[in-house]
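Visitor: I would like to learn how to read a few features of a structure like this one. Could we take them one at a time, with the general idea before the case?

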Amino acid sequence: MAYFGETRDFAVDADEARVGDYFALLKPRVMSLVVFTALVGMLLAPAAIGPVEAIIAILGIAVGAGASGALNMWYDAEIDAVMSRTRSRPIPAGRVPREHALVMGVVLSAFSIMLLGLAANWLAAGLLAFTIFFYAVIYTMWLKRATPQNIVIGGAAGAFPPMIGWTVATGAISLESCVLFLIIFLWTPPHFWALALYKQGDYGAAGIPMLPNVAGERATKVQILLYSLVLVATSLIPAYAGFGGLIYTTVALVTGIAFVALAWRLLRTGDDRSMRRAARSLFTFSLSYLFVIFLALLTDHYAGMAGWP
């Protein structure tokens, strides 16, 4: 068994490598959330942006997100081979050479930054560059293996896309874009700690100091509830800041109450089986939570533009 401090060679059958395997290196499910939140930030911004510019900018952000995923899979190949939920990824499964992921990640990173800078503005491109660096280097290469607060600090990488989208349209960072950043930032810990609770055996085998493996299940469940409460409170800021109306506020309240209720149920669980079931329920709900409230924010925005009450 190889760990992150070692170098491991993965047997690769070049004939088995397909386009789909290289696409999988880009983490398309993560990319889709990045693209969606960036698009919301772009459309909410109080500045007109042409459709061609918007499409090119979103393409650049998507490619940047994919580049981050490829770099992450390159560096994490050893621990991916240990964990049950990741061992079928292209590199540990032996379908793609590890060095191909590195080359892909570096080339796509440079391409996405240049594309966004030329198509939109260099502040947005700089934010994208910092996001890729933060995820690939600060989080993947350092925080993930160094501290149980890895996902708290590292969550910033996934929170930048709406800010980048806003900056594409306006050329500046605003209070509204910072609020969108904060919502995703606070959503990340309960989302990933719920996963870590019912997959803690995987993280333990890979030597990753996730909170349940270091502080214990009880402390993790308390932290999940606390972050959930702060997340729900933060999700209501758009209503007070003037860019979230009745539609958004209603959706944020309903989904927020459901989020906290699932976190409370998780805290109250006793035996291991019920804990894992409750953690999985919270993780599954959290996957849709972010999409729903960002969609509600966008719906509210266009309803207001159309003159709806």
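Guide: Let us begin with what is meant by a helix here: a helix is a DSSP run of H or I with at least four residues, and helices are numbered from the N terminus. With that in hand, phenylalanine 181 and phenylalanine 185, being 4 residues apart in helix α10, are separated by about one helical turn. Please keep in mind throughout that this is a predicted model.

Visitor: How is the aromatic pair of phenylalanine 181 and phenylalanine 185 arranged, stacked or edge-to-face?

Guide: Planes under 30 degrees apart count as stacked. In this pair the planes of phenylalanine 181 and phenylalanine 185 stand at 10 degrees, with 5.9 Å from centre to centre, and the pair is stacked.

Visitor: How many aromatic pairs does the structure hold?

Guide: There are 12 aromatic pairs in the structure. One of them joins phenylalanine 160 and phenylalanine 181, whose ring centres are 5.0 Å apart and whose planes meet at 55 degrees, so this pair is tilted. Phenylalanine 160 lies in the loop between α8 (156-159) and α9 (161-170), while phenylalanine 181 belongs to helix α10 (residues 175-198), so the pair ties together parts that are 21 residues apart in sequence. Phenylalanine 160 is buried as well, its relative accessible area being 10%.

Visitor: Which residues form one aromatic cluster?

Guide: The cluster is made up of Phe130, Phe134, Phe160, Phe181 and Phe185.

Visitor: How should I read the packing of two helices, for instance α3 and α6, and at what angle do they pack?

Guide: One reads the angle between the axes together with their separation, and angles under 35 degrees count as roughly parallel. Helix α3 (residues 51-75) and helix α6 (residues 122-146) have axes 9 Å apart and pack at an angle of about 20 degrees, which makes α3 roughly parallel to α6. Their crossing is right-handed. Among the residues that meet are Gly60, Gly64 and Trp74 in α3 and Leu128, Tyr135 and Arg145 in α6. Sorted by class, this contact of α3 with α6 has 9 nonpolar, 6 polar and 2 charged residues.

Visitor: And at what angle do the axes of α2 and α9 cross?

Guide: The axes of α2 and α9 cross at roughly 40 degrees and come within 7 Å, and α2 is accordingly oblique to α9. The crossing of α2 past α9 is right-handed. On the α2 side the contact includes Val34, Ala38 and Met42, and on the α9 side it includes Pro161, Gly165 and Trp166. By class, the contact of α2 with α9 has 9 nonpolar, 3 polar and no charged residues.

Visitor: Turning to backbone angles, what is the phi of lysine 27?

Guide: Lysine 27 has a positive phi of about 50 degrees although it is not a glycine. Lysine 27 sits in the loop between α1 (19-24) and α2 (28-44), and at 13% relative accessibility it counts as buried.

Visitor: Where is threonine 284, and how far is it from threonine 131?

Guide: Threonine 284 is placed in helix α16 (residues 272-305), and at 45% relative accessibility it counts as partly exposed. The C-alpha atoms of threonine 284 and threonine 131 are separated by 25 Å, the two residues being 153 residues apart along the chain.

Note on methods: Residues numbered from 1 in each chain as written. Predicted model: local features only at pLDDT ≥ 70, side-chain atom pairs only at ≥ 80, totals over all residues. Heavy atoms only, no water. Phe/Tyr/Trp six-rings, centres within 6.5 Å; stacked < 30°, edge-to-face > 60°. Buried < 20%, exposed > 50% of the residue type's maximum accessible area, 1.4 Å probe, protein only. Axes fitted to C-alpha atoms, helices over the stretch in contact; angles between N-to-C directions. Parallel < 35°, antiparallel > 145°, perpendicular 65-115°, else oblique. Left-handed = near helix turned anticlockwise from the far one by under 90°. Contact = heavy atoms within 4.5 Å. Nonpolar A, V, L, I, M, F, W, Y, C, P; charged D, E, K, R; others polar.
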